[in-house]
Structures are given as structure tokens and as C-alpha cells.
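Colleague: I've got a model open on my screen and I'd like to learn how to read it. Could you walk me through a few features?

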Amino acid sequence: MPNGTGEPKRIRFIRDHEKIAAGEVIERPASVVKELVENSIDAGATEITIIIKNYGKELIQVIDNGCGINPDDVEFAFAEHTSSKIECADDLNNLYTLGFRGEALHSISAISKIELITKQNNSDMGLKFKIEGGENVSAEHVGCLVGTNIKVKDLFYNTPVRYKFLKTDRVEMGHITDIITRLVLAYPKIHFKLVHNDIPIINSPSTDRYQNVIFDLYGKKVVKNLIEFEYKDNEMKIWGYLGDPSLSRSTTLSSSLFVNGRYVVSPLVKNAMETAYKGYIMVKKHPFYILFLKLNPSTVDFNIHPTKKVIRFENSTEFLKKLTRILKIKVNEKFGKLKTESRIKEPNSISEYKIGKILESEDDNKLQKVAERQKSSVEDTTNVDKHDMIVKSKKSKPEIGAPKAFDIKLDQIYPGLNGRSKTISEKENPSKLRNLARQSNWIETHDVFPKFRIPNQTSQLNQVYFVLEGIDGFYLLDMHAAHERINYERVLRNFKDRGIKKQTLLIPIKFDVSVNEVEFVKELCPKLSKFGFEVDSLGGSTFIIRTVPANFKKSSDPTFIRDLCLEIISKGKQTSIEEEYDSILKLTACRMSIKAGEEIDNPETVIKLIQDLAKCKNPHHCCHGRPTMLYFDYKEIEKMFHRT
Ligand SMILES: Nc1ncnc2c1ncn2[C@@H]1O[C@H](COP(=O)(O)OP(=O)(O)OP(=O)(O)O)[C@@H](O)[C@H]1O
Ligand SMILES: [Mg+2]
């Protein structure tokens, strides 16, 4: 059992506590909830009730039926570096409990008013202990049930600055629900109840059927589209649920990783999972999964950061290779038989290339061979259905979304513009003169861009780029990036001048989110309305979209609003409301824009696009910082052909 055995142990001072990651872990009400519930789990509780008042700011109460605390140890439990779970840092090599720092109760008691009632099985009486702002207030014997009942009141009452930094009530409640959701997923045999202002939010009775837990938290659609899997060897056990590609989301918020019973976030495991799903889901979408890893405690280090959410794996490169290989096999096994048209081909990322190379070098490994064989059989089927793929590919082309902004200087995009003489003799470049002779055929951009010849027909490459002929070279216009820039500046202007016009949907669209996302989405609803999206809660995890902005594309696509909300939520660190609004505007502009895969066969459309782009304040980059156009110098190309 990763959690405590429930056998009461005495609390001691951790001898070499300086080796344990130190730092403040109580940032918000949800951190208190996490620490208290983890203590209950370590105490072997089978029933844990969490009562929240006023989003955790007034009261956080956790009642468990665990082993309780020895009355003689209660005061000591609130001291620094005291724990019943480890005696010294070496014990971390054999850790089976969630707690090990001996710090949580001490930290919480310093910034709140606590009342704790606890009783052990072998005691006749329990103890009621009060501590406020780190000062003991009272201790008295009382009659009570076995277990621990702790009330944390008035969090941050004596640290007003930290109180001020709390987010809105709904966001704070969203974090609490999120924490409990993860713990419910990790411990299905524990009966968890979460109640807020007397309203039950989560009630998840103990069950042996994991599907029941998923159903309660994510709903029917998710349960029906998950596939269970397991892998075991001498070093590790991996099991969990892999989501069908149709469950992929634009954020990683719904996926969970548990290592030795602890919910953690690991970029390494995320990378392995995303590599395993490559080719099954669209670019910028993330697979849905619930993954459990059971490793020898000596091979995994949770003592990196005081929140224990960050982990380090021993021999992480080897571990990543192995995990990727296993997950790839499992994903191929489970989804390899899907129809070809649901596959989305996409370019290899550098990281995949690297992993691919590593995997290739292990020819002798059976597992790898199986994975490769399965992969090639997938590719074979793709070929059989070639014609179908060509037709379908227009629709299934990955969308170009919003990659990370990066800084590109203008001369990197149009190097031909800088320091180069524009008059070239006929001898040097006869074709140049021919072009100049056709000066009247240039697209007018008032010198915002270099000159492009008006195209007779569109030359669309890879259904994304347009080729434009210039004087000294040619240009590739990224039509999505260009259109996104135009739309971004337009929605921004409209928003500032007169607000965004709405269009009412004839048939309102419903969408569902997970239990842990509900509060966050509710919080966003009034903000979205300012941008033309009227979204209301229908109770439970269901929302309804009544209006969308005028000109909005794909207005019948319910996943968009859900994805938009989740994308904003997952950014999470917006410091100002302006930044949050800007994210909504950017995502709205992105969704209004021509997508990769849309065929544009009218040259007029391209000319209009370029002219509109030229009118933008920043025509050279899309709103996410990518260039709208790239320049290819004929001289460079001639060099490549060894013509010069
Ligand atoms: N609900 C509970 N039931 C039984 N014992 C508890 C409970 N809560 C706390 N304790 C006892 O109090 C001790 C101190 O708890 P605290 O949460 O401060 O430290 P910890 O759990 O040992 O480590 P960490 O700081 O990593 O959480 C625990 O080691 C445990 O013995
Ligand atoms: Mg603890």
C-alpha cells in the first residue's frame, strides 16, 4: 500500500530534516485541503469528508476514520520537522506515505485558527486541541469517535498580504475540487465526500470498479472511450486507462499521473505519452489518460520541491526510453485497428526524432520490434486506402493553432530588404528586368511589404502557404497566420470601440466538462460574454452556449468553447485581467481564421488577404508571434543549384 498502513506510530523529530526540501507549501485553501486529506489517507482512513465554507476562506474541515493521533503527541504534531512517517532522510528510500516533511500542520497552524479532535482505537477518550496563529490555546479530553476531525478556520487571517493574493472564490474552489478529484482517482477504495456551503460537490463511495469512479468524475462519454491496460516487470508496474483519440483535449488538465499513489506532474511522462499517441491525435491536442506507475521507492525522488508534485526518476533517460516504448506498444495495441481516416499524419518533432533514434538503436529488444511491426502495419493500411486518404486529408489536416511566441527580427523574415541594392544590371539578372517591366502588376501594399506580383492563379503549398513572386526572390505567406493577425486587430478594435457583436445560435449548443473544471468554467462565463460568447451553466458539469461573436466560424462546434475555456484555465498564471482578455481575443481570432487544409483557389482572396494584412499595425507576425511571411532569396537558391 502506498499510503500508510493505518497502524498508529509515535511522532518524532526528523533527525536530519535539513536534507528535506524546505519551503512554504500553503499558497491557497486547496493546499490546506491537500495536506489534511493526505494525512487522513496516510492514517489509513476509509471515509474522508471535506467540508468547505466560503470557498475555504472561512472553514476547511476534514473528518476521517483513520488511526487518530496519540493524545500525548498532538501538540508535537504541530511543531516543526515532526512526523510519524519518517525518522531520517534515508527513510525516503523506502517511502510508502504521502507525507514525509513533518511540516504541514506546523505551516497551517501558523496562518489560521485550528481545532483538532482526535482519538485512537485503544483510548477511552479523545483529545480536543486548539491552536491559533501558532500559539497553543487549549487542550481537553472529550468523548468522540476514532479518527481525526480537524477544522481550519480563517485562513491567512494574520497574513493579509497572502490573503490578498488569493484568486476569485470560484477559482479557489476550482483548485479544491481539482485536488479532491485527483485523490478520488488515486484512491477509489476510500469514500470521499466534498461539501461546499452545504452543497455536495463530490460523493464517491468506495468501489472496486474503477469505471464507477471515472463515470462520476468525467461522465459516460469518457467511460465508454477508455481502454484499460497493464504492464508489469521486475522494476515497475504501469497500469491505467488510455483515452480513445476522440477524447483528446486542448489541455492536459484532465489527464492524471500517479506515481506510487501520489498525483504528480511530470513533463517526462507527458512527453512519453504524447510520443506514444503521435499519429493518432491532432497537433496541439493532448491525449486523455489516467496513468499509475508503481516503482521501487528508492528509484524515485519526491524530495525535490516542498509541494512534492515534482519528481525525479533514477536513470531518467533510460526510464523515458522504456516508458515510451511500453506506452507506444500499448497505444498501438489498443488503437492500431482504428480506421485509417482517423489517423493524422504530422511531421516528426525533434524530440520524437531523438526518441525514434534511441528506439531504433535497440534492435535486439523484442518489445521495440513489436512496436515497430505494429507501427508499420498501421502505415500499410494507410497506403491501401490511399485514395480515401487524399480526399479525407483536406478535412483532417491538423489545424495551425497558436504556438509559443518567439522573437523574429524583420531582417530574418525579409533579408532581401536590408542593405541590398535594388538596381541590378541586365547582365547580372535578366529575369529581374523582365519582372520590373511588369511593374503595373504588383500588389499595392503601400510599401509595407516588398513587391509581390499579382498571381494569375493561387499557388497553395501543403494547403497552408501561398507562393508569391517578388523581385529578388519569392515569398511564402502563411495564410492562417496572416488571417489571424487581421482578425486579431479587428476584434481588438471592435472590442475597444463598441464591443463585440453577438449572433444568437438558432439551436444553443451544450457541452460538458469534468467535475474539476466546472468552477473554473463558471468563473469564465461572464468574461466570455464580453467577447460575444454567452455561456451558462445548466447545473452539474453541463454548460450551454447561446451566442457566439458575429463572423465566428464553426459556430456549431461545441468543443471550441470548451477548449477555449480549458486553454485559458490551463495557462492559469495570467497576472492581469488584460492578459486574460487578450488570450480570449487571440483564441477568438485564431478560430475566425482560415485554417490549414482550406483550399483557396481564387487569387482575389489572396490579394485581399495581403492588402488587409498590410493595413495591420503589426503585419509581420501573427498574434502569437509567428511570422506571417518568409522570404527566399533567388541568389541563395541559385547557390544551392550551383549556378553561381
Ligand atoms: N488525520 C490524521 N490522522 C492521524 N495522524 C495524523 C493526522 N494528521 C496528522 N497526523 C500526524 O501528525 C503528524 C504531522 O503531520 P504533518 O502533516 O504536519 O506532517 P507529515 O504528514 O508527517 O509530513 P508532511 O509535512 O509532508 O505532510 C503526522 O506525521 C501524523 O503522525
Ligand atoms: Mg502531512
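Colleague: Let me start with a pair of residues: are Arg-485 and Glu-489 buried or exposed?

Modeller: Keep in mind that this is a predicted model. Both Arg-485 and Glu-489 are buried. They sit in helix H15, 4 residues apart, about one turn of the helix.

Colleague: Which parts of the chain does the salt bridge between Glu-534 and Lys-502 link?

Modeller: That bridge has an N to O distance of 2.8 Å. The pair links distant parts of the chain: Glu-534 belongs to strand E22 (residues 534-537) and Lys-502 to strand E21 (residues 502-512), 32 residues apart. Glu-534 is partly exposed at 28% relative accessible area, and Lys-502 is partly exposed too, at 37%. Salt bridges can also share partners, and here they join Lys-34, Glu-35 and Glu-38 into one network.

Colleague: Which residues form a positive surface patch?

Modeller: Look for Arg-493, Lys-496, Arg-498, Lys-501 and Lys-617. Arg-493 is in helix H15, which runs over residues 479-497. With a relative accessibility of 47%, Arg-493 counts as partly exposed.

Colleague: Now backbone angles. What should I expect for phi?

Modeller: Most residues other than glycine have a negative phi. Asp-154 has a positive phi of about 50° here, although it is not a glycine. You'll find Asp-154 in the loop between strand E8 (147-153) and helix H4 (160-164), and it is partly exposed with a relative accessible area of 30%. Asn-315 also has a positive phi, near 50°. Its place is the loop between strand E17 (312-313) and helix H9 (316-335). Asn-315 is exposed, at 55%.

Colleague: How do I see parts that are far apart in sequence coming together?

Modeller: Leu-183 and Lys-34 are 149 residues apart along the chain, yet their C-alpha atoms are separated by 8.7 Å. Leu-183 lies in helix H5 (residues 169-186) and is buried, with a relative accessible area of 8%. Leaving aside neighbours within four places in sequence, Leu-183 is in contact with Val-37, Ile-41 and Phe-192. Not counting residues up to four places away in sequence, Ile-201 touches several residues, including Met-173 and Leu-194.

Colleague: And over the whole chain, how many helices and strands are there?

Modeller: The chain has 20 helices and 24 strands. Of its 644 residues, 51% count as buried. Among contacts with a separation of 6 or more, 73% come from residues 24 or more positions apart. The accessible surface comes to about 31,700 Å², and 51% of that belongs to carbon and sulfur atoms.

How values were computed. Residues numbered from 1 in each chain as written. Chains lettered and ligands numbered in written order. Predicted model: local features only at pLDDT ≥ 70, side-chain atom pairs only at ≥ 80, totals over all residues. Heavy atoms only, no water. Patch = residues over 30% accessible without salt bridge, like charges linked within 9 Å, V, L, I, M, F, W, Y side chains within 5 Å. Areas by Shrake-Rupley, 256 points an atom, 1.4 Å probe, with all protein chains shown as cover. Salt bridge = Lys/Arg side-chain N within 4 Å of Asp/Glu carboxyl O. Lys, Arg positive; Asp, Glu negative; His and termini not counted. Charge placed at Lys NZ, Arg CZ, Asp CG, Glu CD. Helix = DSSP H or I, 4+ residues; strand = E, 2+ residues; numbered from the N terminus. Buried < 20%, exposed > 50% of the residue type's maximum accessible area, 1.4 Å probe, protein only. Contact = heavy atoms within 4.5 Å.
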